[in-house]
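Q: I'd like a close look at a single part of this model. Please keep it brisk and connected, and start with the helix I ask about.

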Amino acid sequence: MPSTTNSSDVVVRQRLADAARALSQGQAALARQTLRQVLAHIPGHLHAQVLYGAACLRDGDPAEAVTFLRRAATQQPDDPTVQMYLGSALFDSGFTDDALV
């Protein structure tokens, strides 16, 4: 039976794993670079958006995090992880009223 997974899916999964590993090792800039590659090919990729937002937060760029986490929240409005990161990014960007909603 032929595989239903194509090579681009494998590459995306590998890049996501690489980015998550970099982020867990405190290498937020490397994670962001890797995730930008994924998002360039698949702009609406939910997991990449969330990881990119988290990497932006760790890298001290909450305004950039807000952009991507708002997109993720549009796709998954009830996801507690997305909401937690979005709230943190909003708060760190000075949008405290929006962060507390």
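How many residues does helix α1 (residues 7-24) have, and how far does it reach from its first C-alpha to its last?

A: Helix α1 has 18 residues and reaches 26 Å from its first C-alpha to its last. That is close to the 26 Å expected at 1.5 Å a residue. The expected span is 1.5 Å times one less than the number of residues in the helix. Helices are DSSP runs (H or I, at least four residues; strands are E, at least two), numbered from the N terminus.

The model is predicted: local features need pLDDT of at least 70, side-chain atom pairs count only at pLDDT 80 or more, and totals for chains, interfaces and linings use all residues. Residues are numbered from 1 along each chain as its sequence is written, and side-chain values use heavy atoms, with hydrogens and water left out.

Now the faces of α1. V12, L16, A19, A22 and L23 are buried. Seen down the axis of α1, the buried residues fall within an arc of 125 degrees, so they line one face of the helix. The arc is taken over the directions from the helix axis to the C-beta atoms. On the other side of α1, S7 and S24 are exposed. Buried means under 20% relative accessible area, exposed over 50%, and partly exposed in between (1.4 Å probe, protein chains only). After α1 comes G26, with a positive phi near 80 degrees.

What does the buried face meet? The buried residues of α1 pack against α2 (28-41) and α3 (46-58). Contact here means heavy atoms within 4.5 Å.

Take α2 as the next partner. At 1.5 Å a residue, its 14 residues should span 20 Å, and its end C-alpha atoms are 20 Å apart, which agrees. Its buried residues are A28, A31, R32, T34, L35, V38 and L39. They pack against α1, α3 and α4.

T34 lies in α2. At 12% relative accessibility, T34 counts as buried. Leaving aside neighbours within four places in sequence, T34 is in contact with R15, D18 and A19. L35 also lies in α2. At 0% relative accessibility, L35 counts as buried. L35 touches L16, A19, A48, L51 and Y52, not counting residues up to four places away in sequence. L35 and L51 are 16 residues apart along the chain, and their C-alpha atoms are separated by 7.6 Å.

Next, α1 against α3. Their axes come within 11 Å and cross at roughly 20 degrees. Axes are lines fitted to C-alpha atoms, for helices over the stretch in contact, and angles run from 0 to 180 degrees between N-to-C directions. The two helices are therefore roughly parallel to each other. Angles under 35 degrees count as roughly parallel, over 145 as roughly antiparallel, 65 to 115 as roughly perpendicular and the rest as oblique. The crossing of α1 and α3 is left-handed. Left-handed means the near helix is turned anticlockwise from the far one by less than a right angle; clockwise is right-handed. On the α1 side, L16, A20, L23 and S24 take part. They meet H47, A48, L51, A54, A55 and R58 in α3.

Helix α3 itself has 13 residues, which should span 18 Å at 1.5 Å a residue; its end C-alpha atoms are 19 Å apart, which agrees. Ten of the 13 residues of α3 are buried, so it is largely enclosed by the rest of the structure. The buried residues are A48, Q49, V50, L51, Y52, G53, A54, A55, C56 and L57. Their cover includes α1, α2, α4 and α5 (80-92). Just after α3, G60 takes a positive phi of about 80 degrees.

Last, α3 against α4 (residues 62-75). Their axes come within 8 Å and cross at roughly 155 degrees. The pair is therefore roughly antiparallel. This crossing is left-handed. From α3, the contact is made by L46, Q49, V50, Y52, G53, C56 and L57. From α4, it is made by P62, E64, A65, F68, L69, R71, A72 and Q75.
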